[in-house]
Amino acid sequence: MELPALTLCLTTCGRPYYSVISLGALLHDVRYDGQKKFHIANGVTGNEEEIAHLEEILIGQDYSVSYTDNLGSMINSCAG
């Protein structure tokens with residue numbers, strides 16, 4: 001039986017160090033026999049360098065990025 005894809009969501013809050021550590025843990029320490037997908041819900045403006053670095057970490061992975069300044073929208077984007 002094939003397992004459904006598992007989407008792992010990371011919300012950015014202006015702390016790039018924590019974003020990188022958290023993404024590394026999601027990428028390498030979360031074990032799942034199905035496909036892992038990643039979503040970055042960016043809630044900070046002016047952090048293009050942080051997002052570019054996170055995208056660099058995710059090269060070769062199935063990922064998406066959304067941009068909003070509304071916390072509720074950030075969380076909802078993780079479900080979509």
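Where is the place of arginine 31? Arginine 31 sits in the loop between α1 and β2. Before we get back to this residue, let's look at the whole chain.

## Ground rules

This is a predicted model, where local features need pLDDT of at least 70, side-chain atom pairs count only at pLDDT 80 or more, and totals for chains, interfaces and linings use all residues. Residues are numbered from 1 along each chain as its sequence is written, and side-chain values use heavy atoms, with hydrogens and water left out.

## The overall fold

The protein chain has 3 helices and 3 strands. Helices (H or I, at least four residues) and strands (E, at least two) are DSSP runs, numbered from the N terminus.

Taken along the principal axes, the box filled by the C-alpha atoms is roughly 45 × 25 × 15 Å. Of the 80 residues, 25% count as buried. Here, buried means under 20% relative accessible area, exposed means over 50%, and partly exposed is in between (1.4 Å probe, protein chains only). Now for contacts, meaning heavy atoms within 4.5 Å. Among the contacts with a separation of 6 or more, 76% come from residues 24 or more positions apart.

## One disulfide

How many disulfides does the structure hold? There is 1, counting a disulfide as a pair of cysteine sulfur atoms within 2.5 Å. It joins cysteine 9 to cysteine 78, with an S to S distance of 1.8 Å. Cysteine 9 is in strand β1 (residues 6–12) and cysteine 78 is in helix α3 (residues 71–79), so the pair ties together parts that are 69 residues apart in sequence. Cysteine 9 counts as partly exposed, at 27% relative accessibility.

## A buried glutamate and its serine partner

Next stop: helix α2 (residues 48–57), where you'll find glutamate 50. Glutamate 50 is buried yet has no salt bridge, and the nearest side chain of opposite charge, arginine 15, is 9.9 Å away. For charges, Lys and Arg count as positive and Asp and Glu as negative, while His and the chain ends are not counted. A salt bridge is a side-chain nitrogen of Lys or Arg within 4 Å of a carboxyl oxygen of Asp or Glu.

What glutamate 50 does have is a polar contact, side chain to side chain, with serine 19 at 2.7 Å. (A polar contact is a pair of N or O atoms within 3.5 Å; within protein, one must be able to donate a hydrogen and the other to accept it, and residues adjacent in sequence count only if both atoms are side-chain atoms.) Serine 19 belongs to helix α1 (residues 16–28) and is buried, with a relative accessible area of 4%. Leaving aside neighbours within four places in sequence, serine 19 is in contact with Leu10, Thr12, Glu50 and Leu54. With those close neighbours again left out, glutamate 50 is in contact with Thr12, Arg15, Pro16 and Ser19.

Beyond neighbours within four places in sequence, its contacts include Leu6, Leu8 and Asp62.

Alanine 5 comes from the segment before β1 and counts as partly exposed, at 39% relative accessibility. The C-alpha atoms of alanine 5 and lysine 36 are separated by 5.8 Å, although the two residues are 31 residues apart along the chain. Alanine 5 also touches Tyr32, Gln35 and Lys37, not counting residues up to four places away in sequence.

## Back to arginine 31

Arginine 31 is exposed, with a relative accessible area of 69%. Its side chain reaches the backbone oxygen of histidine 28 at 2.5 Å. From C-alpha to C-alpha, arginine 31 and serine 64 are 20 Å apart in space, and they are 33 residues apart in sequence.
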